[in-house]
Every structure is written in C-alpha cells, then in structure tokens.
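This note sets out several points on the structure for a colleague who is new to it.

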Amino acid sequence: MTEKITSFLRNNVFIFLYVIISILLEFFATFLVSNELKISRPGIFLTLIALATAILCLIPDQKTRFWLSAAFMIAHALIDLTFILMYTLTSGTIFDFEMFNLAKDGMGTIEATSPNFAFLFVSCFVIGLYIVLGSYEKDRAPLLQKKVSSTVVISILLCVIFAAQGTLAYFVGRNKSDDMSYKLYENTENSYTKQGILGNFVTQLYKGLFFNNVELGDTKELEDYIFGTVTEETEKFGEASGMNTVTILAESLEWFAFISDTERYPNGLKADEETLRKLFPNLYELYDTSYVADNFHSREKTDISENLSLLGCYPTDAYVNYTFPENSIPFSSPQVLKALTGAESGYFHNGLSDFYNRHDYYLNSVKVDKFYANEEMIAYSESISGNYKDYTESGERNLDSDMIELCKELMFPSDRRFDTHISTITMHGQYAERENLKEYYAILDEYGTCPMPDENDKDYDNKYAFRNYVAAAMELDKALGEIFDYLKNTTDDKGVPLIENTVIVLFGDHNAYYYELSDYIKDLTDTDTTRNYTDLFRVPLMIRVGNKLTDTPLSERIIEKFTCTADIVPTIYDLLGIKYFDNMLYGTSIFSEKTSVLYSRAYDVFITDKMYFYNLNNVIWQDKSVDETYLAQVEETASVLLNKISHINRIYYNDYLKGEKAELFVQRLQEINS
C-alpha cells in the first residue's frame with residue numbers, strides 16, 4: 001500500500017505542487033489586501049483549481065504537465081498582482097465586471113504606480129523555484145500510460161466542475177439590484193476575504209456576462225413611486241431663487257489642504273492662520289462667505305461623485321458614463337434647471353475629453369448645452385488667442401487657473417442665466433514634483449511652510465507627497481480667485497455684478513487617497529475603536545449664496561450634521577426654491593432636519609459619522625455613543641435609501657424615462673413648481 005501511495009504521489013507530483021502553490025499564493029494575495037488570512041467562501045476558487053487539476057490529469061506527458069502547470073501558476077500570479085494593484089490604486093475597490101470599462105482610463109495611473117513588491121517577490125520566488133526544480137525533475141518523472149476509462153471519467157468530472165462553478169457563481173454573485181434590501185443584513189462584505197481575488201474575478205465574469213440584468217417589473221408601481229413624494233421645504237427654501245449656479249468638483253480637496261488643525265490633522269499644516277490666509281486667500285474668502293458643511297463625507301471615485309452632484313442618484317453594478325451613455329435622463333440637474341428656469345448649462349474639465357467617456361455621456365445623456373474638455377479648450381484657445389498651455393504633452397496635470405482664464409466668458413455668460421459645472425484636475429495624484437508648480441514651491445519656501453523634507457526623515461515619502469499636494473492646492477486657490485475676480489467685475493444686463501446672483505458650490509470628490517496621504521495627515525492608519533474611521537472620508541463642502549453671507553459669523557453658517565455627496569443636488573434645489581420628486585434623490589438638503597446615510601456604489605459600504613459598515617451584521621467601526629435608538633434610525637434611513645436605489649436601478653437598466661415618459665417627467669416637474 002505504501003509503495004502504491006508513493007508511486008501515485010511521484011506520478012502526480014506536478015499536480016500536487018500546483019494545487020499547494022496556487023492555494024498559498026491566493027491566501028497570501030488576499031492577506032496583502034485585507035490583512036486577514038482567510039477566504040470565507042472559497043468554493044469558486046477551489047472549483048477553478050479543480051478545473052485546472054482535471055485538465056492536468058488528462059495529460060499523460062510529464063513535461064507537458066510541468067510546463068502547463070507553471071503557465072497556470074504564472075497566469076494566476078499575474079491576475080492576483082493586477083488586482084492587488086487596482087485595489088491599492090482605488091483605495092479599496094474590489095474588481096467587478098464593469099471595471100473593464102475603466103481599463104483604458106486607468107492605464108496611465110497604473111503605469112505610474114509600482115506593483116506590490118511583497119507579492120511580486122514571493123510569487124516570483126515560489127514559481128521560479130518550482131520551475132528550476134521541476135525542470136530537473138520532469139526528465140526523471142515516470143512516463144504515464146493514457147487510459148481511455150480515466151480520460152472519460154476526468155472529462156465527466158470537468159463538466160461537473162464547470163456546472164458547479166457556474167452554479168456557485170450564480171448564487172454568490174447574482175445581481176439582486178431589483179431588491180437592494182438584502183444589503184443591510186446579508187454578508188455583502190466588499191472584501192477579497194469573501195471569495196479570494198481569483199474567486200471574485202471568476203464570479204464577476206459570470207455575473208457580467210450572463211446575469212447582470214434588472215427587470216423592469218410593475219411599471220405602474222414604478223411610476224407611482226417616482227412621482228409619489230415631493231421634497232420638503234426647509235427654512236432656506238428659495239433663498240437663492242433666480243440665481244445662477246456654479247458647481248465645482250475640486251479633485252481630492254481636503255480641509256487640510258489649506259487649514260491647520262493639529263487635533264484633526266496631526267501631520268498637516270503647521271503654519272498660523274495669518275500665514276495660511278496669505279497662501280490661500282480665495283479658499284479662505286469662500287470659507288468666510290459660505291455655508292460650511294463641516295461634517296461632509298465622500299467615499300466614491302471621481303466619476304461617481306461627479307454624477308451624484310449632477311443627478312442626485314446613481315445605479316449599482318454599473319458605471320453610467322459607459323454602461324448607459326445614451327440613456328434618457330431628464331432628471332439630470334442641467335435638464336431640470338433648463339426646464340424650470342431656462343438656465344444654459346455647461347461642463348468644463350481640463351482633462352482628456354474621452355476620459356470616463358465624458359464627451360459622449362455629457363452631450364447625449366446629461367445633455368449639457370456646452371462641453372469643454374482639454375481637446376475642446378485647445379481648439380477654442382487656437383481660435384481666439386493660442387495662450388492655453390496643454391501640460392499633458394509633458395506628462396503633467398493641466399493648471400486649473402489656465403482653464404478658468406481661458407473659459408470664464410463661456411462659463412459665466414452675463415446675458416443669460418447659467419448652470420455651470422467645473423471639474424478640476426491639478427490636485428489629482430500622483431503627488432510628485434511638477435515643473436508647472438515651481439512658483440508655488442518658491443512661495444511655500446518663502447513662508448517656511450511644507451519645506452522639502454530631509455531624505456533621512458522616516459516620513460520622507462509622506463512629507464514629500466504632502467508638499468506637492470499643498471502646492472497643487474495653491475493652484476486651485478488661484479483658479480478660484482480667477483472665478484471671483486470675473487464674477488465681481490462682470491455685470492448682468494441689469495448692471496448687477498454676477499457674484500451677487502450666483503450660487504457657488506465647491507466640494508471635494510473624495511479624500512486624498514493617493515499614497516494614503518489622507519491616512520497619514522489624519523493619523524488614521526488603523527480602525528480601532530479609539531479613532532473615528534469615517535473621518536478618513538470627511539472632505540470640504542462650501543456653498544456661497546451670492547453676497548448674502550458676507551457678514552454672517554461662522555457659527556450661523558456652519559452645518560454640523562452628517563452630510564454626503566448625494567445631498568448636493570437636493571441642497572441646490574432647496575436654495576433655488578425648486579420642488580422635486582424626493583424618491584429620485586438619495587440625499588436631502590443639508591438644511592433639512594433629516595440626515596442621510598451614505599451608501600458607496602464603488603466600495604459597497606454604508607457610512608454615517610458614527611458608523612462604517614458593510615451591513616448591520618458586519619460593522620467595521622462604530623462610535624462608543626451608538627445605541628439602539630441610533631441603530632434603529634440608521635436602519636430605517638438606510639432601508640429607505642436602498643428602496644430608492646432599487647427603483648433607480650430599474651429606471652437605468654431599462655432606460656425607462658425616455659420618449660413620452662421623459663415628457664411626462666418634465667410635465668409633472670413643472671406642475672409641482674407652477
């Protein structure tokens with residue numbers, strides 16, 4: 001018996017080594033991204049290993065077995081390495097099928113980022129050792145006789161494994177978007193410890209290819225739901241009635257970019273306020289004359305934050321710029337404001353026109369009247385002056401102030417009402433030294449703020465990144481100054497300066513996650529109960545309503561309740577005095593007594609200022625003050641939100657609001673505002 005076992009092991013040594021090495025690689029890769037040495041649902045991954053094993057068993061030639069098993073391992077390692085890199089780049093987003101749409105957009109960032117050297121070293125060492133030793137062993141391994149009976153058995157086994165894998169993938173990854181309530185209670189942890197990297201990859205492939213649909217369902221129920229509830233008026237309702245709107249998405253903007261607060265930002269700016277007001281005069285002017293949402297959070301990537309500030313809602317399991325670029329969305333704020341106020345809309349971004357498929361999406365679906373990205377700006381500049389500098393040619397981010405200087409007359413027309421949306425780019429990572437920021441480095445050195453760190457400093461990389469980040473923030477400040485100057489010095493057809501009848505909304509699209517800069521500055525490098533983990537995603541939101549708040553003290557302007565990106569659109573509608581369909585908005589006005597719960601499409605997580613959780617049975621962090629009353633409130637609010645998401649999914653996946661339905665939507669909207 002012992003001799004038979006020894007012979008069996010020797011005959012199949014390459015198969016056994018393949019299985020062992022693959023399992024070790026997967027657990028190590030999962031540990032690197034999740035800090036846990038576990039895979040709670042390994043079924044998909046194990047069936048994949050079984051599938052590869054069955055294929056190897058079909059091959060009688062030992063040399064072929066050896067080289068094919070090595071190829072399987074290399075492919076496995078490359079997949080894991082790629083998704084570890086993606087996870088790191090996106091600050092915790094695991095792969096889903098829709099991310100294939102973002103592949104081209106992410107290549108520039110990936111090329112500028114180093115791979116995970118721990119996994120690269122271990123995988124190369126283990127697979128290399130296997131190849132070196134196996135190359136010697138393959139010539140000594142006994143020859144195998146191919147048997148028809150075993151081939152038939154293994155072929156049947158292959159079919160069984162395929163069927164088992166598909167079944168598992170269906171039940172693990174099927175789309176439940178038509179009823180999102182399960183997310184509050186079931187194990188929806190957005191972590192690779194759930195299925196492993198390879199298991200998640202296969203599941204998402206099955207899901208994206210075969211069962212990624214949402215049924216339209218009962219159309220009468222859907223229509224009744226859409227028009228069922230109208231937003232409530234707050235005490236600020238109509239405060240900005242008749243005004244223009246400017247919404248500025250400030251890339252990666254955090255409060256610590258221009259404010260010193262040693263308690264909140266232990267590793268942040270150390271300068272006094274007088275100095276910082278000289279370095280950032282325009283950000284401070286906005287801060288001094290705006291409603292300041294001090295408890296505002298964002299946990300999304302740029303494209304989703306951008307859409308939330310335009311639509312007030314977003315579907316799950318999709319990236320609308322790519323998945324639904326031709327959908328009819330009469331509920332986009334540019335179309336809503338045009339229908340109700342006649343405002344001319346425009347979108348401006350000094351990045352590439354096709355990045356996130358913005359050109360097609362904004363013109364065909366959002367339906368802005370004017371679209372200007374980098375290519376359009378270059379053409380426009382050549383037609384009038386030729387002074388616009390395109391820094392993408394030299395591998396640097398474009399300057400926000402150049403965009404404003406070039407496009408300000410297009411952005412802020414004086415002869416008609418406007419609704420302008422601006423997405424900046426200068427503060428986008430990577431945070432390395434840039435030639436076009438040299439003037440700001442000189443100013444920082446002049447004031448002794450964020451000096452170049454000593455190369456021997458243990459925090460050199462963090463301090464170096466922060467210096468570049470702050471210099472980029474100074475460029476954003478200059479761009480904001482360009483906006484202020486133009487609005488103050490340009491009058492409408494009644495002789496009133498535009499600054500007096502314009503709402504300016506500025507918000508950070510997400511935290512500064514590149515190089516984990518936000519973690520370092522806030523000293524939030526772990527999630528133990530002594531830290532407010534959700535503070536990691538606390539970013540600025542400031543809303544200036546003409547000159548109404550110029551002499552108002554901060555205590556009367558500050559909004560301390562928890563707010564999030566989904567609250568931006570309802571707040572703008574509230575200030576403008578626009579009634580809207582509440583079930584089409586994920587958030588509420590920041591002036592409302594109601595408080596939102598943030599649900600992140602990209603990270604599949606819920607956030608309040610006191611909780612961070614995948615579901616109510618899997619809470620990652622919660623404040624010590626959380627009690628049963630608070631939990632019940634969060635559960636109720638999150639349930640309402642998930643019901644909204646379920647209906648929004650049905651609208652998006654079936655392009656429901658098109659043609660006559662779009663006309664009906666506008667008609668109903670005009671009726672509630674008549």
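1. The count comes to 26 salt bridges, a salt bridge being a side-chain nitrogen of Lys or Arg within 4 Å of a carboxyl oxygen of Asp or Glu. The model is predicted, so local features need pLDDT of at least 70 and side-chain atom pairs count only at pLDDT 80 or more, whereas totals for chains, interfaces and linings use all residues. Residues are numbered from 1 along each chain as its sequence is written, and side-chain values use heavy atoms, with hydrogens and water left out.

2. E273 forms a salt bridge with R277, and their closest N and O atoms are 2.8 Å apart. Because E273 and R277 are four residues apart in helix 10 (residues 273-279), about one helical turn separates them. Helices here are DSSP runs (H or I, at least four residues) and strands likewise (E, at least two), numbered from the N terminus.

3. Helix 18 (residues 438-447) packs with helix 19 (residues 460-489) at an angle of about 110°, their axes lying 9 Å apart. Helix 18 is therefore roughly perpendicular to helix 19 (angles of 65 to 115 degrees, on a scale from 0 to 180 degrees between N-to-C directions, with axes fitted to C-alpha atoms over the stretch in contact).

Notes: Angles under 35 degrees count as roughly parallel, over 145 as roughly antiparallel, 65 to 115 as roughly perpendicular and the rest as oblique.
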